[in-house]
Amino acid sequence: MTDRPDPAACYAEIAEGLLPHGAAPARLYGMPCLRDALGEAFAGLYGGELVCRLGRDSPALAEALRVPGAHLFHPAGGAVPLEDWVCIPPVAAAHWANFAEAALRAPRPEPARPGPGTPTGG
């Protein structure tokens, strides 16, 4: 018998708990993810780790990165990490819900607006 949590089961429980708060299931980079009411992804399950968009330089991201084994998210093994996103290993699954809730509440950057001279910028 093992005491290791099942990452998929932990994620499913967290996802279910966030649905009443405006989260919706989706897929991103081939992983199951959650999107907020505006359609922005904020959490997912990738390689057995919880992945959360907590915001670059946020206290929540700093806290998550202090978890042993946590690291910035490199989707598909990319060379450059997504600096707003952190992977939190299953050894910290007891804290996953807190990080997922923080990701849902985290401010999102304003979308880039087309400038003058671009096809949609005038």
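Author: Gladly! Let us start with a cut-off: a residue is called buried when its relative accessible area is under 20%, and exposed when that area is over 50%. Please keep in mind that this is a predicted model.

Reader: With that cut-off in hand, what makes E3 largely enclosed by the rest of the structure?

Author: Five of the six residues of E3 fall under the buried label, so the strand is largely enclosed by the rest of the structure.

Reader: How do you know that E2 and E3 are paired, and which way do they run?

Author: Pairing asks for at least two bridges between two strands. Three bridges join E2 to E3, and the two run antiparallel. Within this pair, Leu34 stands opposite Ala43 of E3. The hairpin they form has five residues between the strands, and Gly39 there takes a positive phi near 85 degrees.

Reader: And what joins E3 to E4?

Author: Four bridges do, again with the strands antiparallel. Here Tyr46 stands opposite Glu49 of E4, while Ala43 stands opposite Cys52 of E4. This hairpin has two residues between the strands, with Gly47 at a positive phi near 60 degrees.

Reader: What is the order of the strands in the open sheet?

Author: The six strands are ordered E1-E2-E3-E4-E6-E5, with antiparallel pairing. E1 (24-28) and E5 (71-73) are called edge strands because each pairs on one side only. On average, neighbouring strands of this sheet are turned by 35 degrees against each other, direction ignored.

Reader: Let us turn to the helices. How do you know that the length of H1 agrees with its number of residues?

Author: H1 covers residues 7-18, which is 12 residues; at 1.5 Å a residue they should span 16 Å. The end C-alpha atoms are 17 Å apart, so the two values agree.

Reader: Which residues of H1 are buried?

Author: Pro7, Tyr11, Ile14, Ala15 and Leu18 are the buried ones. They cover an arc of only 100 degrees around the axis, which puts them on the same side of H1. Glu13 and Glu16, on the other side of H1, are exposed.

Reader: Why would residues three or four places apart point the same way?

Author: An α-helix has 3.6 residues a turn, so such residues point the same way.

Reader: What do the buried residues of H1 pack against?

Author: They pack against E2 (31-35), E3 (41-46), E4 (49-53) and H3 (96-105).

Reader: Which residues of H3 are buried, and what do they pack against?

Author: In H3, the buried residues are Trp96, Phe99, Ala100, Ala102, Ala103 and Leu104. Their partners are H1, E3, E4, H2 (59-65) and E6 (82-88). H3 lies across E3, E4 and E6, and runs at about 25 degrees to E4.

Reader: Now the cysteines. Why is Cys33 called buried?

Author: Its relative accessibility is 2%, and the cut-off is under 20%, so Cys33 counts as buried. Cys87, at 1% relative accessibility, counts as buried too.

Reader: How many disulfides are there?

Author: The count comes to zero. Take Cys87: the nearest cysteine sulfur, that of Cys52, is 9.2 Å away. A disulfide needs two cysteine sulfur atoms within 2.5 Å, so Cys87 is in no disulfide.

Technical notes
Residues are numbered from 1 along each chain as its sequence is written. This is a predicted model: local features need pLDDT of at least 70, side-chain atom pairs count only at pLDDT 80 or more; totals for chains, interfaces and linings use all residues. Side-chain values use heavy atoms; hydrogens and water are left out. The expected span of a helix is 1.5 Å times one less than its number of residues. Buried means under 20% relative accessible area, exposed over 50%, partly exposed in between (1.4 Å probe, protein chains only). The arc is that of the directions from the helix axis to the C-beta atoms. Contact means heavy atoms within 4.5 Å. Axes are lines fitted to C-alpha atoms, for helices over the stretch in contact, and angles run from 0 to 180 degrees between N-to-C directions.
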